[in-house]
Amino acid sequence: MKITGIVDNYKVHPLLKRDWGLSILVENNGSLTLFDTGNDYRILEHNITHLGLRFKTIDNLFLSHYHDDHTGGLEYIMENYTVKRSFIPSRFPERMLKLLREKSEVIVCDSPKEIEPNIYSTGTFEGDIPEHSMVLKTPKGLVVIVGCSHPKVENILEFAKKEFKDKLHAVIGGFHFYKLYEEKLFVRIDRIKKTEVEYILPSHCTGTDALNVLNVEFKGRIMKFGAGTILEI
């Protein structure tokens with residue numbers, strides 16, 4: 001499997017642009033899964049071009065939740081790419097549903113679902129903001145890709161470990177720690193540690209202050225992730 005950061009608040013590639021948003025490409029045995037579409041279609045387009053990505057067909061479009069920083073490039077994607085299947089959480093906005101249904105098969109992930117071999121949805125975590133996360137089954141264990149972690153990243157990890165019955169190798173994406181004061185942050189960090197996840201790759205809405213703390217608390221187990229990061233698992 002190959003994982004490429006396309007849009008993120010952080011970047012590791014000098015030619016790419018940063019944005020408050022998230023979009024990640026997962027390549028799996030010739031199949032392409034796009035996780036979220038970022039905030040601004042112009043930055044999405046720019047970064048796809050400068051990463052040298054030449055695809056025109058997306059096998060699976062995975063939208064973690066409906067917020068603009070994850071669906072801002074949706075119209076651009078649907079107009080410029082062939083999208084075979086779209087995977088969404090429950091209670092998705094009707095205007096987005098209409099667009100997706102016009103040009104793709106839509107699968108609502110109200111419960112855990114297989115997207116394709118070795119790629120799964122956790123199913124929707126209900127709450128004020130319905131959200132689902134992606135789980136990759138790899139030889140090294142589970143890799144969990146999160147959007148904004150509105151259900152709390154530690155809850156997502158605990159659920160994935162129990163549901164998919166394997167160790168947690170890594171978690172990638174937005175931890176939504178940018179508003180947390182230190183006291184609450186350390187409580188949340190302790191719960192992440194208890195999941196026994198091997199590596200964390202926090203990005204997007206994690207927040208710079210929180211990243212500084214995570215770099216200390218997960219020393220040797222934290223990796224930088226952003227636009228331009230390429231991982232082979």
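In what order do the strands of the open sheet stand? The order is E7-E8-E9-E10-E11-E12, and the pairing among these 6 strands is mixed.

## Basis of the report

The model is predicted: local features need pLDDT of at least 70, side-chain atom pairs count only at pLDDT 80 or more, and totals for chains, interfaces and linings use all residues. Residues are numbered from 1 along each chain as its sequence is written, and side-chain values use heavy atoms, leaving out hydrogens and water.

## The open sheet

Strands of a sheet pair through backbone hydrogen bonds, in either a parallel or an antiparallel sense. Here, two strands pair if DSSP finds at least two bridges between them. Strands (E, at least two residues) and helices (H or I, at least four) are DSSP runs, numbered from the N terminus.

The edges of the sheet are formed by strand E7 (113-116) and strand E12 (199-203), each of which pairs on one side only. From one strand to the next, the twist averages 20°. Strand E7 pairs with strand E8 (residues 119-121) in the antiparallel sense over 3 bridges. Within this region, Glu-114 stands opposite Tyr-120 in E8.

## A helix across the sheet

Helix H5 (residues 153-164) lies across E8, strand E9 (134-138), strand E10 (141-146) and strand E11 (168-174). It runs at about 145° to E10; axes are lines fitted to C-alpha atoms, for helices over the stretch in contact (heavy atoms within 4.5 Å), and angles run from 0 to 180 degrees between N-to-C directions.

## Aromatic pairs

A pair of aromatic rings is described by the distance of the centres and the angle of the planes. Rings of Phe, Tyr and Trp (its six-membered ring) pair if their centres lie within 6.5 Å; planes under 30 degrees apart count as stacked, over 60 as edge-to-face and the rest as tilted. The whole structure contains 8 aromatic pairs. The pair of Tyr-120 and Phe-164 is tilted, because the ring centres are 5.3 Å apart and the planes stand at 50°. This pair links distant parts of the chain, with Tyr-120 in strand E8 and Phe-164 in helix H5, 44 residues apart. Both Tyr-120 and Phe-164 are buried (under 20% relative accessible area, with exposed over 50% and partly exposed in between, for a 1.4 Å probe and protein chains only).

Phe-175 and Phe-177 form an edge-to-face pair, 5.7 Å centre to centre with 80° between the planes. Phe-175 counts as buried because its relative accessibility is 0%, and Phe-177 is likewise buried at 2%.
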